[in-house]
Every structure is written in structure tokens, then in C-alpha cells.
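Hi,

Here is the structure I said I would pass on.

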Amino acid sequence: MVVVDQIVDKISEVATTIIFCHVGYLFQYNENIHSLEVETQELEDLLRRINEKVVRSQNNGEVIQPDVDKWQKDAKQIQDESTTFLVNKVRSNTWCVCCWCPNLVWRYWLGKESKLMASRVISLKEKGTMYYTEWPLSSPAPPPDRPITSHEAFDSRKNIFNSIMGALKDPTIKMIGVHGTGGVGKTTMVKEVGNVAKRDGVFDDVAIAVVSRNLDKKNVQGELAAQLGLHLDDHGRADKLWTRLQNGKKNLVILDDVWDPLKLEEIGIPNTTDYGNKEGCCKVLVTSRKNLFHMITPEASTRVFLIPILNEKEAWTLFMKTAEISVNSEEELSCVEKGVCDECAGLPVAILAVAKALKGKESYAWQDALTQLKSSNFNQIVDIDPNLFSSLKFSYDHLEPRDARSCFLLCSLFPEDAEISIDDLVRYNFGMRLLDPTLSITLENIRNRVLTLVKGLKASCLLQDGKDASTVKMHDVIRDIAISIAKDEKGYLVKHDLKKWPDKGTYKSYSAISLMSEYFNEIPVELGCKELHTLVLRSKDSSLPDSFFNGMETNLEVLDLSGTAIESLPLSLSKLVKLRMLCLPKGLASEIRQLTCLKLLDLGNNEDVRLSVIPPNVLSNLTRMEELCIPDNFDQWQDEATSKERWNASLVELNSLTCLTTLKVHIPQGKSSPNNLCFENLLRFAISIGAHFPRITYFGNNELEQSFTSILKLSSVPLEDKFKGLLLKSEVLYLHKVKGLVEMLRASGFFNLKYLQVVTCDGAEYLLGRPDKFLQTPQQSMSRSFCNLSTLIVEKCTFKYLFNLSVVRCLEQLQVLVVDDCSNMEVIVEIERQGDDEEITFPRLTEMILTELPNLRSFCSSKRPNSIIGVSNSNPEQPLFCEKVVVPALEELTIFHLDNISEIWDKQYKPIMNEGTGSFSLLRSLSVRQCPRLVNVVPFEMVQRLRNFKTLKVWQCDSVVHEIEDLTVAFPQLERLYLDDLQNLRETGLNKKEDHGINGVYPNIKEIDIDSCPNLESIFSSSTAKNLAHLRRLIIRNDRSHSDSKLKAIVETTKERGGARDEPFVFPELDHMELRKMTDLRSFCNSYGPEESLFNQKVVFPCLEYLDISRLGNMKGIWDRTPPANSFQKLTFLELRACDSLLYVAPSELLGSLQNLQTLEIESCRLLEDVFKNRGSYSGEGIVSKHEPTTDEVDTKVVLPRLRLVFLRDLPRLKSFCSGSKLPSSVRREIRNCPLLGTPF
């Protein structure tokens, strides 16, 4: 009886709690609504702050963490839902229509919905606060994937390459060593090994770091972490890298150019089982000039490969190919040519250099070359083959003109593996007077000369391409030889591996010194180098002795301290009256005014160090200045006419610099530039005037400004005559709120302009060209204006059209066209003559973006009387592109918010004869959004032209029924498909019912994201599901739709199944899946029977790592009672949220398949009772067999060994996690509002 009473009391307690909860919804609906408003506003503020932080990280070249990106999307989604709810629902009448009494049902619903929604908002807000205050938002971006560049297919290299790949696949091998003499091709080999290993899936992640002669552990760790997506700070770097490399994935670490034995564990690289490397997690590939690998790891777990020099036949083949020697038979081989090749000792780097030097030369030049190569007797460099030295010295000696040799040796002053700036080469050549003075007088003369010389040095294989066109690199072997030659011939001292300052007396006679150290010990009080003309220092030292430069008053001409952390300049600097070039890390002392020979002054551009003071009357005294670079962050210019004593420089001082040809400066708003400032003499400039806006970037390209030599930014300033010269010289123009713009652009002469960005500039109907003007103007006068324009961006302007056909003829170089947020824009190209059928051709246009143009009727107007693209707004047919628009190179097309467009392409487009030819035939990416009248994205007439599609995105187009009109044609290149908020979409290329005889419309699809397409009843047909071999990311949701999703199953099968059709559907590469807000979804794959679990035996996911399931209302469990043995074994992240019918996550038998699970988050599943249903429970439902042991018979054991976080929240019925089992003690448990969960786990 007592037991019965206890049960009754418990039931009464639960019932009372539920009743009070529901009564609270009714009577506290106002409080709940107010709470939702407050929480939503706070979430909106937090989202804005995080978005700003994310943008800053992205601008810094970092990669946003996936969970942060997911949080942003979730926060934006719940914010939109809450706003819609508050606007559309709360404002509705809460009183009965028939009487003056409250509508209790409606108020109850409002109270309940607002309470539940507020709970979700609070949960997201708490997590977002952690992202904003504690957790990292981003990590350094890994370098972009490089295309595989095949090395010469010599047998000796091919066999080694295949052997290395075989060793990488051998589980007993932990480290692979590749050694050989410098220049033999080790780096080329291992880079290609890494590329192929990543491409073929041998390894999940590949990271490479250059070690060089002096190991910098912090730099190596940073390089590896950046490629692995890992953020490192100053604490525990090795431990964090170690943990990342043991994350269960297959990781390959390549350490290039190792000189001495390494302790890998000190860097944070696990490579043997002795140090805890998990089986198969991490392998190390090391290159070195020495066979020192046995000193790094035990020989038993190491394979070593020697890359030999090329054999005679291979060497001769490479030499002939490079020197462009053509012979028909072996008898025709010249003994001189063969002898020259032999002297290169089979080293590829030497063969390339010598062959390039002799290509096309006469026979006597070849004979002379052989003589010199045989008689060379040079000092040997450590670890450099003497034959290699001779061959490269020969290449150096035969560089023409002589200036090329000076430029080559100059590169030796820069650090090993440095990206050497062309601008720096120009500066040093100028300051050091290295070039022929009769050809190089001014900075601009020298710049042209250096560009010519660099091109020749790269053609001679003595320099390599850098990361972009503004930099070059030097192979470390060639650099070693250059340092040796420069020391003997020029008196250069290069020491970049110092622990302390060189011993006194060892550097007195040098003409140029380049020293680098983290910190110099024992810096001399006086340097005392009477012959020194160039000094370059790189260190973290914050000061130099005041007398450091004493005794060098008449000889030092180049001083570069930009690589130091010096905070105050030594007093003796003012005595260097012969100084021509000065580069400082920050700041400028008043004593600099005495350096009247200065021709180049760079005050640095470190964004982390703000320049606040330039002493007055310093700049005005440097009247010989030709190049002046002032950081963008300096904005403290003072007026010359101020009555107070000035403490900072004035812009008027720039008037004194009449020799100035290069200027970088920011003139802030309110500080008018002097009228007589010598802009006319400038040849290179980066000048911003007005509001201080960020660097000019184009869709994440932070290096855009480095690609141009003349940049002008004007914001909120009138176009005065003093700017005219700069405008016509500019390669880049950024114009913001500028008056008089159109009149200025109408002037002919913009021959240099390559990039034009116009923002919020009004006052006319057009940007470039006016019909009546151009009808009266000879075409020749416009034949060159804008002829080099490659990028045009127009934003927030009131123009009705951009340009007319007369201007289009000039835009042959246009590659990027962006028109955004121009509400009055009606056409892009205006046709000025009646009946003009001339094609509108943009031969080089590769990217077009047309967004927020609600009144745009078409791309071009037509004067033909019966044209379907006429100018009448009443015409219902408005294709964006007619057959006259020719864009043969277009690769990316984005259209957004074009309200009047019913078709993208005119049906008049004629079929093409060959695929890949004709207008739009190279289109790879199409994004369409908010085009309400659009019915079909890809019409039948365009299918043949668009076979190169890789990405298709369609958003918020309510009339779209099919993303492609013809579902019988395959798009073999399509990899990414995004369909979002398409309310009428019913059939796609994925779920087509009929079998048209093809293996899928998208056979190479990799990413699918479908959101808010409520009329789709399935995602894949059974025939399509069998042909998704490359699918890696699948996201299906109904987040923004106001209608319930009709989706019953992701994969729809037929009722008649038998034979081969009973085989499960395997998704072999799928690693990321999200399923959200689909109330009718019962199973991933339907079976035309009772479904209780999302996943059953019919689907297999061998590679799935990330699974997010939210608001699926019709399933009782996630996994079936007997899941496939090879499914979900790689799952690391699982999140379940707001699944109202969920009783359990999975049977306990599945725990063995979830050995890699690291994060488990479950929230707001109100019926959930068990996370993992134990043996014997629900036996009537058949989860386990009745004869299996009960809980009491099973010892408690540790499960989910790699689990790190369990997050359980708002689970009112949860009673247990998994009876009879426990989690590792290291698991972080966060449990909130789970009142019945009493048993520790």
C-alpha cells in the first residue's frame, strides 16, 4: 500500500508540475513575450559583435571555426524566426471575434511558443558569449591547394616516387627520409608526394614546413598549424600541435631542408609508438642533404631514400630540352655540348641554369663555356658539390648585362626562403648605386631596369616566382653560392644565424652587411666600418647605442632598420649625411632633418604600431626626396597657419619635395591637401583623401593594392582641378560620395585605369557614356579611353544605365563587372541607335555580379520594334540576356533581387556545335537569389552550353519549379548544389522519378544544401542514391519556410524491392550531415512500413564525422536496433535538438561503433528518457534479444573513450545516460535542467 501511495504521490507531483507549466503559458503570455523581445535583442547585439569580430579575422586571412559559422547561422535563423513571430503573431488579435473576451487558446499558444523560443535564444546567447569572450573564433588559414606539377618523368625519379608512396601506406613505417645533394630535386619530389597523397586520400591532412639551417621551432610550429587549421598562442604550442596530430585522422607532416638532427617531440610531432603516436595518426617525411634520419627515429620504423644525381641519359635529355637542342641521331651530338652537360654533374638545378645561359648561343660560346667550366677552381661551400658551384658560377659569369649580376647578388642579402619584394630590390639598387648610372638616374628608371633584370634572372633559373607577381624567391643552394660570390667580389657579409654580434675585427672591411638574430648580444658601442655603404639589421632589439654610427658619416648610404623593434633612434644617426635610403620600423626623430641627401624614406606600415608623431619641419628639409612612404594610420597632420607651436608635421611641408615621384600618404577628412602639392610629378602613388576607409579589397583579395603602382582613393571630397593629373594617371580609382564624377569620367584619357570602384555617387542617369554625346563624337576619340579597365564595381548609385554600346567597344580588357544596390538601374548597356543589331561583346569578362537591382529590365536594351526585350515595362517576358550578349570567357555569374526578370537567357540562343564553345560555355558558377518571376533557372535551350557547371545556387525564387528544365541531361562537372527557400520546387535532378537512362543528373556532386523547399517529398530517388560516390556534405533543412515540410524520407524507394535492390545505399565519402526542422520526416530511407528510427539497415555511412539533427518530430530513435557494422565509426560530433518524439538516441549495442565520438550535445528533447537504451529495456520493441544478459549481469565499463564533452539541457524526462556503463573521467559534463537525471555517468 505504501508503494502505491508513493506512486500516486509521484504521479500527482508530475501532473501538478505539468498543469502549472501550461497554466503559466496562458496567464504569463505577456511576460513570456517581453522576455523573448529582450533576449532576442541581446542575441542580435551579440551576433553583430561576433560578426564584426569574424570579419576582422577574415580580413586578417584567418579561417573561421566551423562551429562558429554554425552558431552564426543558428543565431541568424532564430533571430529571424523570433522577429517574424513577434511581428506577425503577437500583433494579432488576442480577443475573440464574436465577443469582448480574451481569446484564451490564442494567448496560451503565444505564451507557450514565446517561452520555448526564448529558451532557444538564451541557449544560443550563452554559447555565443563563450565564443566572444573565451573560445577562439578562427585559426590561421592553410595555404591553398597547389596543382600537382609533374616533375620530369625520369625512371630514377619515378621509381623513388612510387617507393615513397608505398612506404607512406606501410603501417610499420613512421618516418621517411629523403636525402641528396643540394639542388638534386628533393623539395620538388616531396611536394608532389604530399599533393598526390592528399588528392588520393592516403592522408586526410598534409602540412609542410621549411626548417632551414637554423631551426626556429616557433616558426615551424606556426607553419604546420596554419595548414592544419590550428590556432596556437605562446603557451603550450608543442602540446597543442601534438594533440592536433593525434586527432584520429591520417596526418602527414613534411619537414623540408633539415640540417641537423631534430627532437620531433619538442616541436610537437608524434612519430613513433614510443612517444604515444596512435596507430596511423601521423607520419613524418623529412628532406636533408645528409643521411641523419637514424638520429631522429629508430631505424626499424624509418625508410630512407637517396635521390641521386641524374644519370647520363637523363641529364642529357633535360639539358637538350632546356637548351632547345634538336638532333636526329646520336652521331650528331656535339662533344662540346655533351661536355658542358657533363660539367653540370647531373644536378637539375645546375643543368637548368647553364642550359638557359647557353640557349641559342653560337658554337664559340659553347666552346668558351666548356673551357671555363673545366678550369674553374673556386672555394668549396660546405655541403655544396664543387661541380655545382662551378656550373652555377659559370651561369653567373655569363649573365648579361652586368647589372643582372649585381641584382642577383643583391638577393643574397635577404633571409633564406624569403619572399623578396620587387619594390625592395628597386630601393636597394637605387640606394646602393648598383646599376649602370648612365641608364639608371631616377627611381622610376631603376624600377623599369629591375623589372627587366628580374625577368631575365627568372628565365635563367637563378630566381623563382614568388607568391605573386610582386615577389621572387631564390633557391637555397643558389643563395649559398650567391653569398659566396658576393663575399669575394662585392665584399658582402651575410649572417642570418647569429646568436650574438660578430667578433670585433671580423667585419671592418665589408661594403654591405646583413645581420639577423632574435636578439643580438654585445652590440658594439661604435660599429666603426669605414668602408660600409649598406647596413641591414633584423632583430627584436629595442635600441642601439647612441654612438653606434660614429665614424661612418661619409660612407653609409643605405640603412634598413625596418626589421627591428627599435623604439628610439641613436643620436649618431643624424651624422649620416650621405644617407640616401632610410627604412625605419616606426617614428621619426627631429634630427633626421639633417639628412639632406635622403632620396627614399619609409616610415613603416605596421598596423599594430600606430605612428602618432612626425616632428615639424623635418619633411620639408628633405628636398631631394624621390620616394616617401608614410603609414596609413598616421592622421595627425597639423595646419601650417595655427597660432600655436606645432608638434606635428603639416601637409604644406610636402610642397618642398619637388623631386618626389613616389608617395604613399593618407590625408584625413577635414585636412585639405595643398593646392600647389606636386601631384603632377608623381609616377607611383597610394593616396587616400577624405574618410579613412579600409584597404581596397575585392572579395577577400587583401593583396589587390600590391598589384598596382598608382592608387587614388577619394571620399566625400569634391573633384578639384588639382586631382586631375592623379585621376588620369591612376590604375586604381576608389570614389565614394564624390561630386562631379560623371563629368570627370566623360573626359577621354583614362588609358591607365584598370580598377574603378564607384560608391554612392549620384547626379546623372549614366556612368560612362551618353547616347546623344557619343552619336556626335567620332569613335576614334573614345577608342582608347578605359581600354585597360579590368574591374568595374558600382555600388549604391542612382544611374539608370552604366554605359552605351560605344563605350562597350572600349572595354575589351574588362574581366570583372559588379553592379550592386542601384535601385534606379534599368539596363546595363543602352543601345542608342534604332535597329542596331551589333553584338555586345565582352571578350575577357570572367565574373559578373548583378545584385539589388529591382528595376533592371535586361542586360541591354533593344530598339527593335518587335523585340521581346523591348523597353516597355508592361512586357511580361524579360530575359536578362538576349542572344546579342556575348561573354565567351564568363566563369561566374551572380544575380540577386532582380524583380523584373522572368528568364535568365533568351530562348533565341541558338544551339552550339561543340561543347565548351560560344557565349556562356565556360560558366562554372551560377548564383540566383530573389528573382520572384523566374520559373526555370537553366532552360532547355542553354543545357548544351552549360556543361561546365561546378556550382549552382538558387535562393528565394518563389516561382521556380525546376532548377533545370530538362531532367534527362547530366551535368558531369557539377560539384555543389544549393537550393534555398524555393516554395514551389517539387522535382530536381536528384529526386526525378523516371529513369531516363543516365546514372544521375549530377554524377560528381560533392555538396548538397537544400533549405526551406517545403514541397519536396524526397531528396534522392533510389537510382540517384546509388550514384553519389563523391558526396561529402549533405544539409537538408526547412529553417525559413512558413509551411511544414512534406519531406517523408531523404531517399525514396519503390515498394517493389528485390534482388540487387535490397543492397543498402552506401554514401562512401559523406562526412558532414545536417537534418533540421522537418516535422514529417520519419526515416532517412523509407521502407513502406512502421518507422521508429531515423537510420536503419538500408543506409551505410562509413566516413560520417559530423551529424546535426534538429526539430525532427516523428522519430523515436536515431539508430535502428541493429545498425550496420561499418556505419558511423568515424563520427566525432553529434548534436540533437528539439526532437519532440525522441525516446532514446540509440541502443547500447551502438556504443562500440561510436569509438571516435568526441562531442555529444542534446537539448530540448522533451520525451527523451535514455541516451543509450540498455540491454533488456524495451525488449518488447525488439531492440535486443531477450536471452542477452541483463544490466545486473554486466560489469560497469568505460564507453566512448575519445569523448571530450557531453552537453545535456532541457531534458525533463531524461533518467539515464547509459545504465551499466560510465564515461572516461576526463569528459567535461555540462548538464542543465535535467531534473530526473540522478545517476552519475
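To start with, which residues of α10 are buried? They are Glu314, Ala315, Trp316, Leu318, Phe319, Met320, Thr322 and Ala323. Here buried means under 20% relative accessible area, exposed means over 50%, and partly exposed is in between (1.4 Å probe, protein chains only).

Before going on, some ground rules. This is a predicted model, where local features need pLDDT of at least 70 and side-chain atom pairs count only at pLDDT 80 or more, while totals for chains, interfaces and linings use all residues. Residues are numbered from 1 along each chain as its sequence is written, and side-chain values use heavy atoms, with hydrogens and water left out. Helices (H or I, at least four residues) and strands (E, at least two) are DSSP runs, numbered from the N terminus.

Back to α10. This helix covers residues 312-323 and reaches 16 Å from its first C-alpha to its last, close to the 16 Å expected at 1.5 Å a residue (the expected span is 1.5 Å times one less than the number of residues). Asn311 caps its N-terminal end, with a side-chain oxygen 3.2 Å from the backbone nitrogen of Lys313. Just after the helix, Glu324 has a positive phi of about 60 degrees.

Helix α5 (residues 155-169) is worth a look too. Its buried residues are Ser156, Arg157, Ile160, Phe161, Ile164, Met165, Ala167 and Leu168.

Now the loops. Asn633 sits between β17 (627-629) and β18 (662-668) and is buried, at a relative accessible area of 12%. A polar atom of the Asn633 side chain lies 3.3 Å from the backbone nitrogen of Leu611. Leu1236, in the segment after β58 (1228-1232), is partly exposed at 38% relative accessible area. The C-alpha atoms of Leu1236 and Lys1215 are 5.2 Å apart, although 21 residues separate them along the chain.

Finally, the lining of the largest cavity has eight nonpolar, two polar and one charged residues, including Ile1010, Arg1037 and Met1078. A cavity is a set of points on a 1 Å grid over the protein atoms alone where a 1.4 Å probe fits but cannot get out, and lining residues have an atom within 4 Å of a point. Ala, Val, Leu, Ile, Met, Phe, Trp, Tyr, Cys and Pro count as nonpolar, Asp, Glu, Lys and Arg as charged, and the others, Gly among them, as polar.

Cheers

Terms used:
On a 1 Å grid over the protein atoms alone, a cavity is a set of points where a 1.4 Å probe fits but cannot get out, and a pocket is an open set with protein on both sides within 12 Å along at least five of seven lines; lining residues have an atom within 4 Å of a point. A polar contact is a pair of N or O atoms within 3.5 Å; within protein, one must be able to donate a hydrogen and the other to accept it, and residues adjacent in sequence count only if both atoms are side-chain atoms.
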